[in-house]
Protein chains: 2
Amino acid sequence: MPKDRAPTRIQKKNRAAILEAALNVFSAHGFRGATVDQIAAEAGLSKPNLLYYFASKEAIHTELLSGLLETWLAPLHDLDETGDPMEEMLAYIRRKLQMSQELPRESRLFANELVQGAPRIHDALSNDLKQLVDEKVTILTNWMDQGKIARLHPYHLMFSIWALTQHYADFDVQVRAILGDENPFEGAEPFVDTLYRKLLTP
Amino acid sequence: MPKDRAPTRIQKKNRAAILEAALNVFSAHGFRGATVDQIAAEAGLSKPNLLYYFASKEAIHTELLSGLLETWLAPLHDLDETGDPMEEMLAYIRRKLQMSQELPRESRLFANELVQGAPRIHDALSNDLKQLVDEKVTILTNWMDQGKIARLHPYHLMFSIWALTQHYADFDVQVRAILGDENPFEGAEPFVDTLYRKLLTP
DNA sequence: TCTTGATTTGACCAACTGGTCAAACTCACG
DNA sequence: CGTGAGTTTGACCAGTTGGTCAAATCAAGA
């Protein structure tokens, strides 16, 4: 394994290639379904070489998840108490939908983990995620108190946004099997926009 | 393997026990993550004995999926053109939510399969499911034409119902990590009810 | 150029996995 | 009871998988 000095040019390149390959493989087959050989092949490395950069399959997975969690939660971080409530909410929802479109692998990586009980990120859920959600939920509650948006169960409102937007990435095959040639996101954007406009209008 | 005569008492019992065990294991770990040994142990059988009743791991999985697909789609089948549009829709949604609560394993079984690209049920999606959805979508479109419910993209309306209701089964860990002790379904039912009432009101 | 640490690899291993098979056991029924 | 079909199992196998290791190769600075 490389020493803990500053990473060399080669280290940077190979670690990045491995994480990129791992994202492909883990998101498509889940943790158990992915093989180290497969990831190595996709990264253009031999298996022992890959294991020179990461201690184990589990280590790759962990680094991927924790590295992407921030990206994944960024849109919610951006929800701004001082902005216009309805516009803030719609912007958040649009950003989430856009992420489903542009980062479907990341969405499925988390989906795979969650459906199987999140054995590897349970802590992040009940700590980091819960804290962030709680924080933003107080903003929502304030907006509701002020009559700026309709009064709803704020947690379930959050769940509905996640469910609706990530559905297009996680269950992409199903969506496409039913829509045929139609581009899912073309119809999805105006649909969710209308939905939340109606729902949130007091 | 048992001959194709009428199944004996023991055959009935064991095949049922295997399918029940397989539902537990496949829904919790996905196809690749599940092992035949695990299923056998959970069914109270030895591995060779289990393989006396089913030809292979794949055969168990296939029989499970095809056997449960009907159950899974039943609520949509029940959507009745001649009923009151708003009540029919709300009844469908409630039934779907109830299934998330009462049959979470079934939901996760399909979720696992779908997130990973549905390699084993792709045909059922683009045939059986698509046909059923198309049929029901024409009903929705009629209702919209008659001004009975709001005009929306009917396919995305379907997707939203699936996403919202199944979210509670598929991502149960996440929901519970955030809600803490609160029973998810207690808040979910009035929430989705309100949501679709608002959304579908013309 | 030479040296030293970084990188790469072929060969290997133990554990696990899906599946087989012949032999043993059990059950229902005449 | 006896008997033949139905049921169960221990032992086994070949392929896969995550991971190791010593030896070989490469790269960059003195």
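This note sets out points on the salt bridges, the chain interface and the DNA contacts of the structure above.

1. Basis of the values. The structure is a predicted model, in which local features need pLDDT of at least 70 and side-chain atom pairs count only at pLDDT 80 or more, while totals for chains, interfaces and linings use all residues. Residues are numbered from 1 along each chain as its sequence is written, chains are lettered from A and ligands numbered from 1 in the order in which they are written, and side-chain values use heavy atoms, with hydrogens and water left out.

2. Salt bridges overall. Over all chains, the search of the whole structure finds 25 salt bridges (a side-chain nitrogen of Lys or Arg within 4 Å of a carboxyl oxygen of Asp or Glu). In chain B, one network of salt bridges links Arg94(B), Glu189(B), Asp193(B) and Arg197(B).

3. Helix α1 to helix α4 in chain A. Arg15(A) and Glu63(A) form a salt bridge with an N to O distance of 2.8 Å. Because Arg15(A) lies in helix α1 (residues 9–33) and Glu63(A) in helix α4 (residues 57–77), the pair ties together parts that are 48 residues apart in sequence. Helices here are DSSP runs of H or I of at least four residues, and strands are E runs of at least two, numbered from the N terminus. Arg15(A) is partly exposed at 26% relative accessibility, as is Glu63(A) at 34% (buried is under 20% relative accessible area, exposed over 50%, partly exposed in between, with a 1.4 Å probe and protein chains only).

4. Helix α1 to helix α6 in chain A. A salt bridge joins Arg105(A) to Glu20(A), with the closest N and O atoms 3.0 Å apart. Arg105(A) belongs to helix α6 (residues 104–115) and Glu20(A) to helix α1, so this pair connects parts 85 residues apart in sequence. Arg105(A) is partly exposed at 25%, and Glu20(A) is partly exposed at 40%.

5. Helix α4 to a loop in chain A. Glu58(A) and Arg120(A) meet in a salt bridge at 3.8 Å, N to O. The pair links helix α4 with the loop between α6 and α7 (122–145), 62 residues apart.

6. Interface of chains A and B. Contact (heavy atoms within 4.5 Å) involves 52 residues of chain B and 52 residues of chain A. The two chains bury about 4600 Å² between them, 70% of it on carbon and sulfur atoms; buried area is the accessible area (1.4 Å probe) that two parts lose on being put together, summed over both. In chain B, Val115(B), His156(B) and Ile178(B) lose the most area to chain A, together 15% of what that side buries. Across this interface the rule finds zero salt bridges.

7. DNA strand D. Sugar and phosphate make up 58% of the atoms of DNA strand D that come within 4 Å of the protein.

Key:
Near = heavy atom within 4 Å.
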